[in-house]
Amino acid sequence: MATIVLERGHHGKLSEDLGAVRGSLVESVIVREYMRHTEDRLRSLGHRVVVQSAHPETHYGARQDRADQYGPRVYVACHV
């Protein structure tokens with residue numbers, strides 16, 4: 001099966017950046033929850049899933065380069 005890298009948006013940042021917030025809805029919390037279900041489902045289908053968190057001092061290009069080290073067929077930066 002395929003190797004799939006899932007990256008948690010707004011997770012692991014040292015700043016107060018929790019992503020989009022509207023009332024009690026917080027992007028970093030929503031992303032964590034749907035990623036958990038996504039990861040479980042992909043693994044149950046036989047895929048290799050690598051989960052990485054956004055590092056506070058890197059930009060998308062650097063995170064994509066890090067993901068490339070796993071040889072993924074798919075890279076998904078998870079946001080809402």
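**Confidence**

I began with confidence, which is lowest in strand 2 (residues 21-22), at a mean of 71, and highest in strand 1, at 93. The scale is pLDDT, the predictor's confidence in each residue, from 0 to 100. Helices (H or I, at least four residues) and strands (E, at least two) are DSSP runs, numbered from the N terminus. Over the protein I noted a mean pLDDT of 84, with 81% of residues at 70 or more. Where pLDDT is low, the predicted coordinates should not be read in detail.

The model is predicted, so local features need pLDDT of at least 70 and side-chain atom pairs count only at pLDDT 80 or more, while totals for chains, interfaces and linings use all residues. Residues are numbered from 1 along each chain as its sequence is written, and side-chain values use heavy atoms, with hydrogens and water left out.

**Salt bridges**

I looked up salt bridges (a side-chain nitrogen of Lys or Arg within 4 Å of a carboxyl oxygen of Asp or Glu). The structure holds three.

Glu 7 pairs with Arg 63, the closest N and O atoms being 2.8 Å apart. This pair links distant parts of the chain: Glu 7 lies in strand 1 and Arg 63 in helix 2 (residues 60-68), 56 residues apart. I checked burial next (buried is under 20% relative accessible area, exposed over 50%, partly exposed in between; 1.4 Å probe, protein chains only). Glu 7 is buried at 0%, and Arg 63 is buried at 7%.

Glu 33 meets Arg 36 at 2.8 Å, N to O. They are three residues apart in helix 1, so about one helical turn separates them. Glu 33 is partly exposed at 33%; Arg 36 is partly exposed at 40%.

Glu 39 bridges to Arg 43, with the closest N and O atoms 3.0 Å apart. Glu 39 counts as buried at 18%, whereas Arg 43 is partly exposed at 40%.

Which residues make up the largest nonpolar core? I listed eight: Ala 2, Ile 4, Leu 6, Val 31, Met 35, Leu 42, Val 49 and Cys 78. Helix 1 gives the largest share, three residues. A nonpolar core is a set of buried Ala, Val, Leu, Ile, Met, Phe, Trp, Tyr and Cys residues joined through side-chain atoms within 4.5 Å.

I then followed Ile 4. Beyond its neighbours within four places in sequence, its contacts (heavy atoms within 4.5 Å) include Leu 42, Val 49 and Val 74.

Last, I checked Ile 30 in helix 1. Ile 30 is partly exposed, at 32% relative accessible area.
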